[in-house]
There are 4 protein chains.
Amino acid sequence: MLIVMKTDATQEMVDEVCTCIKKMGLKPHAMPGAQRTAIGVTGNKERVDSDMIMSQLGVREIIHVTKPFKLVSREFFPVDSIIDVDGVKIGGKEFVVMAGPCSVESREQCMVIAETIKKHGGKIFRGGAFKPRTSPYAFQGLKEEGLKILAEVRDKFGLKIITEAVDTETIDLVAKYTDMIQIGARNMQNYSLLRKAGRTKKPVLLKRGMSATLDEFLMAAEYIMAEDNKNVVLCERGVRTFADHTRNTLDLSAIPFVKRTSHLPIISDPSHGTGKRDKVIPLSRASIAVGADGLIIEVHHDPSKALSDGPQAITPDMFAELMRQMKTLAPVVDKECE
Amino acid sequence: MLIVMKTDATQEMVDEVCTCIKKMGLKPHAMPGAQRTAIGVTGNKERVDSDMIMSQLGVREIIHVTKPFKLVSREFFPVDSIIDVDGVKIGGKEFVVMAGPCSVESREQCMVIAETIKKHGGKIFRGGAFKPRTSPYAFQGLKEEGLKILAEVRDKFGLKIITEAVDTETIDLVAKYTDMIQIGARNMQNYSLLRKAGRTKKPVLLKRGMSATLDEFLMAAEYIMAEDNKNVVLCERGVRTFADHTRNTLDLSAIPFVKRTSHLPIISDPSHGTGKRDKVIPLSRASIAVGADGLIIEVHHDPSKALSDGPQAITPDMFAELMRQMKTLAPVVDKECE
Amino acid sequence: MLIVMKTDATQEMVDEVCTCIKKMGLKPHAMPGAQRTAIGVTGNKERVDSDMIMSQLGVREIIHVTKPFKLVSREFFPVDSIIDVDGVKIGGKEFVVMAGPCSVESREQCMVIAETIKKHGGKIFRGGAFKPRTSPYAFQGLKEEGLKILAEVRDKFGLKIITEAVDTETIDLVAKYTDMIQIGARNMQNYSLLRKAGRTKKPVLLKRGMSATLDEFLMAAEYIMAEDNKNVVLCERGVRTFADHTRNTLDLSAIPFVKRTSHLPIISDPSHGTGKRDKVIPLSRASIAVGADGLIIEVHHDPSKALSDGPQAITPDMFAELMRQMKTLAPVVDKECE
Amino acid sequence: MLIVMKTDATQEMVDEVCTCIKKMGLKPHAMPGAQRTAIGVTGNKERVDSDMIMSQLGVREIIHVTKPFKLVSREFFPVDSIIDVDGVKIGGKEFVVMAGPCSVESREQCMVIAETIKKHGGKIFRGGAFKPRTSPYAFQGLKEEGLKILAEVRDKFGLKIITEAVDTETIDLVAKYTDMIQIGARNMQNYSLLRKAGRTKKPVLLKRGMSATLDEFLMAAEYIMAEDNKNVVLCERGVRTFADHTRNTLDLSAIPFVKRTSHLPIISDPSHGTGKRDKVIPLSRASIAVGADGLIIEVHHDPSKALSDGPQAITPDMFAELMRQMKTLAPVVDKECE
């Protein structure tokens with residue numbers, strides 16, 4: 001339910017309505033806007049009796065939200081959200097490129113790759129310190145040592161840092177070191193992890209699950225936002241289909257769909273979306289053209305020696321070319337990519 | 001198998017090699033190039049004994065083609081094919097837009113829509129005269145009357161015409177009226193129809209089947225080309241997946257994959273690919289950006305009254321906006337869209 | 001629309017109602033039942049004005065059919081259809097096994113295999129004379145020579161014959177030799193072929209398309225029945241999914257769904273459904289248990305030398321074991337398998 | 001790697017080999033068999049130099065395991081594993097039925113349903129105390145209160161208890177009350193939860209993820225077994241496909257595939273696999289026929305009032321009928337269902 005206040009409603013009136021909502025056992029979310037304040041209401045199992053609320057001073061109208069997701073919904077919050085990752089803004093004019101290796105393998109590896117990322121205009125450095133691997137015997141990441149290397153990258157290059165949190169045990173450690181927490185596709189419906197990611201209040205990048213419908217995807221984001229964390233960025237990374245020429249099928253229609261249904265930013269991951277190095281640049285072009293707010297790209301200075309996902313990592317030269325193309329395309333689709 | 005002739009090989013030598021191949025019970029396809037002639041060989045069930053061929057005058061080398069498709073393959077024919085639809089060239093610099101209603105409903109409807117298509121730079125008018133419909137009781141098209149209306153559109157507006165052939169009984173009639181024959185997704189593996197489409201020698205637009213792998217898609221094109229018809233354009237139109245926010249999942253990664261594996265042009269159909277009017281423009285942008293050679297778009301002047309597929313048809317205003325965006329994007333991706 | 005006549009309605013009254021329906025430009029399908037006659041009506045684009053019909057003598061009630069398929073629907077025709085393939089009855093008590101090689105390769109091959117089929121209780125011999133192949137260069141079948149071999153098998157062993165018709169040009173030839181015409185998965189939406197199969201009046205085995213929903217599957221059967229051919233048997237043969245351990249994913253839930261929605265019999269094809277020889281027997285057990293009316297199985301006396309689909313053909317010994325298991329299971333699920 | 005000891009190798013020799021393996025930084029898993037002992041080795045990143053091991057006393061041969069999964073693999077451990085859930089044995093002769101409500105809703109609800117389960121031969125009572133729900137606002141289960149109700153069911157009816165653990169925070173609590181821990185489809189690749197489930201040493205029921213290949217499914221089981229917990233039972237519960245007549249597509253071919261590749265038992269969940277009450281019985285028949293070791297079924301005494309998944313719960317009468325059919329089928333497929 002969404003309560004729209006009159007243009008001339010005072011802060012006092014807004015507070016009064018919020019108190020009234022709390023008394024009903026529900027949770028108010030005051031959202032001040034340019035023209036007027038709206039108050040979202042969550043926590044109701046059934047349709048709320050709205051008479052008591054309508055009788056409050058300053059209330060203009062009550063909108064019953066039809067979608068199962070609320071805080072995530074554009075019905076609830078009509079203006080594009082811009083998520084601030086320690087100064088890097090996602091969801092506005094800027095087209096933000098996150099890039100780096102699949103796994104943090106060593107200090108040297110990260111420094112070499114970060115230099116390339118920085119030089120060509122990447123803003124956020126990615127690298128896995130905790131790796132969710134299909135096999136229990138595969139390389140599982142450098143863990144805290146990896147996080148420390150990421151922190152060094154931030155200090156040295158001024159890049160922001162994103163890394164994946166794989167469980168509730170280690171997410172606080174991850175939150176301590178990183179600027180943005182990634183929730184991977186396999187964990188899209190790991191609700192305890194989503195809630196805990198919400199509670200860190202850090203910006204969260206939520207990847208679409210391999211067979212998630214868009215409603216399920218948005219509901220997963222709702223879990224994070226329900227913990228009073230508005231800093232959610234979504235990521236399309238390909239879904240599982242019968243098609244065998246790519247690792248996953250990048251579903252670019254998800255991007256305009258999400259932008260219409262939700263106010264949250266959404267970026268694209270053509271590295272996992274295709275699993276093929278030589279498809280990353282064309283699908284990056286398609287991603288910016290379809291309306292994505294950014295990219296997350298795997299880059300490795302020596303992909304043949306990467307400890308994970310080598311076949312999809314692009315080389316530094318390819319990354320330079322990718323950024324050149326993004327800079328050319330951005331103004332045409334009303335974005336900026338410096 | 002591909003036989004590469006020496007640079008200075010004479011036409012006589014080429015003929016001699018072709019004769020030799022025929023004697024072996026195989027079929028030669030001479031492909032003169034800028035530098036040298038290559039001769040493709042089809043019809044072999046097993047690996048051909050190449051000694052006899054190597055001993056011919058003018059033969060430089062023999063390449064054993066590893067893909068099951070041959071005439072379609074870039075290994076076989078390395079240069080981009082440009083298909084000429086009565087003066088409209090697909091596969092070169094020009095980004096070609098085909099547009100029109102799902103079904104030819106009446107003379108008036110077609111004239112109104114064609115005027116819009118022409119005005120904003122569409123080059124080829126599409127409209128179904130024979131409609132493959134899920135229900136035997138649904139509108140099946142105006143048939144020859146529809147073809148005559150399409151011919152009038154060509155005469156009046158100078159647009160080229162594409163329409164679907166649905167069976168071997170009516171394809172000759174279709175070929176008589178149209179500039180390009182469409183083979184629909186449901187018929188992608190209707191091999192008798194593919195062969196007969198090949199024999200018309202008309203340009204053919206072959207749509208990817210709803211659950212076709214790219215190998216199967218290219219093999220279907222091979223059926224047409226095996227009838228000595230080189231005028232094949234491919235079309236990605238979405239595949240069937242679990243995703244329910246679109247009618248099909250437009251698999252844009254197919255486009256760079258096909259362009260690398262084959263020399264044939266490929267266009268995109270965001271109308272069927274999404275089934276949602278408001279997703280057609282963003283996915284058209286993604287299509288040109290990913291490297292498509294053109295689009296096929298459903299346009300209707302009054303979509304709510306369309307006899308078929310109304311929800312995916314865009315309005316004339318949306319078509320104008322779509323063309324405006326294509327013209328802005330084309331130069332950035334090294335294409336032209338006048 | 002379905003018109004239910006009163007128990008004591010005379011044939012004259014039924015004829016009168018049919019005449020009335022024809023006058024309205026529609027098509028009546030009289031279906032005499034044990035208790036009373038029902039008259040199905042097709043051909044209406046919109047809801048029919050039923051007052052005129054209700055006023056006819058002998059009419060008890062009018063049921064508006066909600067499904068897009070009509071003749072196929074159990075709403076329309078509530079009793080299980082039993083299809084008679086020259087004496088072999090599919091859809092009743094008997095569990096019917098069709099078996100044979102993927103392709104008719106030679107007279108000898110067919111005789112050897114048919115002997116096994118006959119000996120262990122198979123009733124219908126399958127074998128492809130016209131083969132739809134992904135590659136234009138692959139073995140396309142022995143054609144009429146193959147049909148003649150099949151006819152010999154019938155004469156010699158008393159087995160009924162089923163073979164695939166791949167196009168409208170050759171279906172009459174196929175109909176001349178065979179007892180039942182198979183329409184393959186790739187042709188499930190080849191509507192011209194479906195209509196022509198209907199017009200042969202022969203029993204038709206219609207396979208589900210690789211990505212067909214059940215509504216599309218039943219609508220395809222409706223095309224055949226709309227040509228006044230009631231002899232349709234459906235076949236679940238697996239659908240295309242991401243799963244890579246089998247060639248297709250056999251969707252056994254389709255069988256009880258079809259049996260509830262339609263009166264037509266449905267059999268299972270675990271050979272194509274799995275593509276793996278060693279999975280054919282367990283999935284055959286699952287098929288009879290779930291409620292299938294029969295099986296169609298690929299058997300080859302020397303699978304490693306089969307010209308097509310060798311990896312899914314079972315050996316004669318495995319076929320003997322399969323039949324032994326079917327005979328044990330049949331009585332438990334209220335079927336007979338002699 | 002698998003080390004096969006000679007028939008007459010002493011326990012001392014086995015211990016010596018294990019010590020040798022540990023010295024190499026690897027982990028030995030001694031598996032005494034009827035004839036001889038085998039020692040599985042895990043922990044190697046690359047192929048192990050086997051000379052040192054071959055030179056040990058009592059070693060007969062070394063088998064390099066080719067599958068990425070090891071402990072799970074039948075190559076590693078060729079005999080069917082039988083998992084003992086406090087006396088109920090899964091994977092042997094007995095066909096074990098687990099049944100109960102989706103969610104534990106109240107003491108009364110559980111007692112009513114448990115009485116039915118017990119009466120008709122169910123052995124393990126299922127019921128969710130912690131519920132993973134798509135929406136953060138949906139009923140999330142009674143939590144510990146629910147676990148206590150489950151414990152009461154065990155005491156009163158002598159049924160064993162299975163319930164889902166949804167996160168690492170609550171799994172120890174779950175382990176305290178339950179006889180078998182369920183890991184749900186959404187958590188199939190929640191590796192921290194898998195490891196912790198392994199460490200409880202309790203029997204674990206691992207459900208296949210919605211879009212998991214069978215290799216990924218078995219690798220997930222490997223995570224549990226790698227924590228020295230051999231008590232793993234797998235569960236096929238349907239995968240996500242384009243098919244819209246069922247909630248998921250129950251992939252019954254997974255069952256014979258798993259039984260051939262792994263020694264672990266596997267059961268079927270036709271409730272989630274179809275999502276439709278009236279398809280549960282036929283798909284249960286198919287499951288036992290294809291070779292499943294048991295079923296897990298949702299039963300509710302008043303499905304229309306169920307707090308979750310009502311449309312797939314069967315009634316007590318349907319459960320009685322289901323058990324009757326299982327008892328009839330079991331002996332035919334060499335199982336027992338008392």
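Trainee: What rotation superposes chain C on chain D?

Mentor: This is a predicted model, where local features need pLDDT of at least 70, side-chain atom pairs count only at pLDDT 80 or more, and totals for chains, interfaces and linings use all residues. Residues are numbered from 1 along each chain as its sequence is written, while chains are lettered from A and ligands numbered from 1 in the order in which they are written. Superposing by least squares on the C-alpha atoms of residues with pLDDT of at least 70 in both copies, you get an RMSD of 0.1 Å and 0.0 Å of shift along the axis, with a rotation of 180°. That's the relation of a two-fold axis.

Trainee: Which C-alpha of chain C is nearest the axis?

Mentor: Look for the one 2.0 Å from the axis. In chain C, that C-alpha belongs to Ala286(C).

Trainee: How many residues of chain C are in contact with chain D?

Mentor: Contact means that two C-beta atoms, placed from the backbone, lie within 7 Å. Chain D puts in 30 residues, and chain C also puts in 30.

Trainee: Why do the copies meet through the same surface?

Mentor: Check which interface residues of chain C are also interface residues in chain D. The copies meet through the same surface because that share is 100%.

Trainee: Which helix gives the most to the side of chain C that touches chain D?

Mentor: Helices here are DSSP runs (H or I, at least four residues), numbered from the N terminus. Helix 8 (254–261), helix 10 (280–290) and helix 11 (316–329) of chain C each give two or more residues. With six residues, the top giver is helix 10 of chain C.
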